[in-house]
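Subject: Handing over a structure

Hello,

Please find the structure we spoke about below, with its sequence. Once you have had a look, read on for what was found in it.

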Amino acid sequence: AADDSSREDYAACCCAVQNLCLSLHAEGLGTKWTTGPVNFDPMFGPTAGIPDGERVVGTIWFGKPAKDPTTPKKKLSVDDVLILHD
């Protein structure tokens, strides 16, 4: 069905965005994926050169971080959150 295809396309885009963000991170760039109001402004599509009929999944901000963030401490182990059911 058309709805299933649209959902599959959206999921594929989300996976591609995640992979792009991981690739940029591997190159030392920080990223932020946002679906903020700018994406839904009527002028966004024409300004960004997006053809009519296409939908925006989000905007990826990227660049060199001003400083490296500290790695958060791991709070729980896999054993703490994994529940095995019989």
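Predicted model: local features only at pLDDT ≥ 70, side-chain atom pairs only at ≥ 80, totals over all residues.

Let me begin with the chain as a whole. Its secondary structure amounts to three helices and two strands, and, if you follow the chain from the N terminus on, these elements come in the order α-β-α-β-α. Taken along the principal axes, the box that the C-alpha atoms fill is roughly 50 × 45 × 20 Å.

As for the surface, buried residues account for 13% of the 86 residues in the chain. The chain exposes about 7,700 Å², of which 59% is supplied by carbon and sulfur atoms. If you consider the contacts between residues at least 6 apart in sequence, 67% of them join residues that are at least 24 apart.

Is K32 buried or exposed? K32 counts as exposed, because its relative accessible area is 52% and the cut-off for exposed is over 50%. When its neighbours within four places in sequence are left aside, K32 is in contact with T59, I60 and W61. By comparison, the C-alpha atoms of K32 and P46, which are 14 residues apart along the chain, are separated by 23 Å.

Helix α1, which spans residues 2-26, holds C13, and S5 lies in helix α1 as well. C13 is partly exposed, with a relative accessible area of 33%, and S5 is also partly exposed, with a value of 38%. C13 and G58 are 45 residues apart in sequence, yet their C-alpha atoms are 9.6 Å apart in space. S5 and G28 are 23 residues apart along the chain, and their C-alpha atoms are separated by 35 Å.

Finally, the cysteines. How many disulfides does the count come to? The count comes to zero, where a disulfide would need a pair of cysteine sulfur atoms within 2.5 Å. For C14, the closest cysteine sulfur is that of C15, and at 6.9 Å it is too far for a bond. C21 is likewise in no disulfide, since the nearest cysteine sulfur, that of C14, is 11 Å away. C21 counts as buried, because its relative accessibility is 12%.

Conventions:
Residues numbered from 1 in each chain as written. Heavy atoms only, no water. Helix = DSSP H or I, 4+ residues; strand = E, 2+ residues; numbered from the N terminus. Buried < 20%, exposed > 50% of the residue type's maximum accessible area, 1.4 Å probe, protein only. Contact = heavy atoms within 4.5 Å. Areas by Shrake-Rupley, 256 points an atom, 1.4 Å probe, with all protein chains shown as cover.
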